[in-house]
Amino acid sequence: FWPLACTLLSLSTFANVAKADNPIVQDIYTADPAPVVYNDRIYVFTGHDNNGATFYDMTDWRLISSADAVNWQHHGSPMSLTTFKWANANAWAGQVIERNGKFYYYAPVRHSTGAMAIGVAVSNSITGPYTDALGKPLVENNEIDPTVWIDDDGQAYLYWGNPGLYYVKLNADMISYSGGVNQVSLTTAGFGTRTGNAQRPTTFEEGPWLYKRNGLYYMIYAADCCSEDIRYSTGPTATGPWTYRGVIMPSQGRSFTNHPGIIDFKGNSYFFYHNGALPGGGGYARSVAVESFTYRSDGTIPQIDMTTN
Ligand code: FUB
């Protein structure tokens, strides 16, 4: 591994948003950031766009970490498509969570039968290597983009989706669930109104990111494809009901997708996303970036613009 120096710059035109030196990985294309705080470090799991790709023909995931959100250490590849013997393509947007000293990596891949499915891999170390926990999909309904959250009462939730939004209540073992698959009713009150797409009347597209902060549950997501922006909804419980809150990051830059991840770390809040900012960048050559921001006093999130460079 080697460190990549990034420098926080002065406040931007938005008084509560600070700019970092982006993208935070500059030697390869990365996408779909999933940050997690562990042992006083931010670990960011990412997808990996291959050079010259003309689709999301991704074959491994990458991991970087930082103690200060400025200097990033590269950890290589903690997991690849070959981890899931039953999968044959599409190492897409995953997320890792720790429970009782083990790390669980939820990732969407294409089952060799043809449908997208979500696998779960496990490791004793956050940096991996991760091994398939089940030898088969955890859930399979041809949808993607898992996000995982453990509530204060110990109940873990796994959401995922495009074009729907679904969740299961994970058991304490984190590799099974009870109660079946639940589909969230995508109402315009909950997820905003999209125009010009009769099949998708709300703005929700994909890439959900669930968390709780100061008693409020947040569902952040890529919206209004294509090009995507990032929007969010909030609710009083991990299963809603959800209230639409608006746009966080407008559609900007050369990637027509975006994918959110939000954490608090050492007194600051960080918004991770991707764009096409590296040379040669675009829809299938994306780059992970980060902006720090401050929640408003009512818990709402200000508009955050991409670093343009
Ligand atoms: O990286 C492949 C797909 O593109 C992800 O699953 C989506 O969220 C979009 O970013």
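**Aromatic pairs and burial**

Reader: What makes Phe 45 count as buried?
Author: In this predicted model, Phe 45 has a relative accessibility of 1%. Buried means under 20%, so Phe 45 counts as buried.

Reader: How many aromatic pairs are there by the rule applied here?
Author: The count comes to 26 aromatic pairs.

Reader: Why is the pair of Phe 45 and Tyr 130 called edge-to-face?
Author: Their ring centres are 6.3 Å apart, and their planes stand at 85°. Rings pair if their centres lie within 6.5 Å, and planes over 60 degrees apart count as edge-to-face; the pair is therefore edge-to-face.

Reader: Which parts of the chain does this pair link?
Author: Phe 45 belongs to strand β4 (residues 41-49), while Tyr 130 lies in the loop between β11 (116-123) and β12 (131-132). The two residues are 85 residues apart, and the pair links distant parts of the chain.

Reader: Why is Tyr 130 called buried?
Author: The relative accessible area of Tyr 130 is 4%. The cut-off is under 20%, so Tyr 130 is buried.

Reader: What makes the pair of Trp 61 and Phe 84 edge-to-face?
Author: The planes of Trp 61 and Phe 84 are at 85°, with the ring centres 6.5 Å apart, so the pair is edge-to-face. Trp 61 is in strand β5 (residues 60-66) and Phe 84 in the loop between β7 (79-80) and β8 (87-89), so the pair ties together parts 23 residues apart in sequence. Both Trp 61 and Phe 84 are buried.

Reader: Which residues do ring pairs link into a cluster?
Author: The cluster consists of Phe 45, Trp 61, Phe 84, Trp 86, Tyr 105 and Tyr 130.

Terms used. Residues are numbered from 1 along each chain as its sequence is written. This is a predicted model: local features need pLDDT of at least 70, side-chain atom pairs count only at pLDDT 80 or more; totals for chains, interfaces and linings use all residues. Side-chain values use heavy atoms; hydrogens and water are left out. Rings of Phe, Tyr and Trp (its six-membered ring) pair if their centres lie within 6.5 Å; planes under 30 degrees apart count as stacked, over 60 as edge-to-face and the rest as tilted. Helices (H or I, at least four residues) and strands (E, at least two) are DSSP runs, numbered from the N terminus. Buried means under 20% relative accessible area, exposed over 50%, partly exposed in between (1.4 Å probe, protein chains only).
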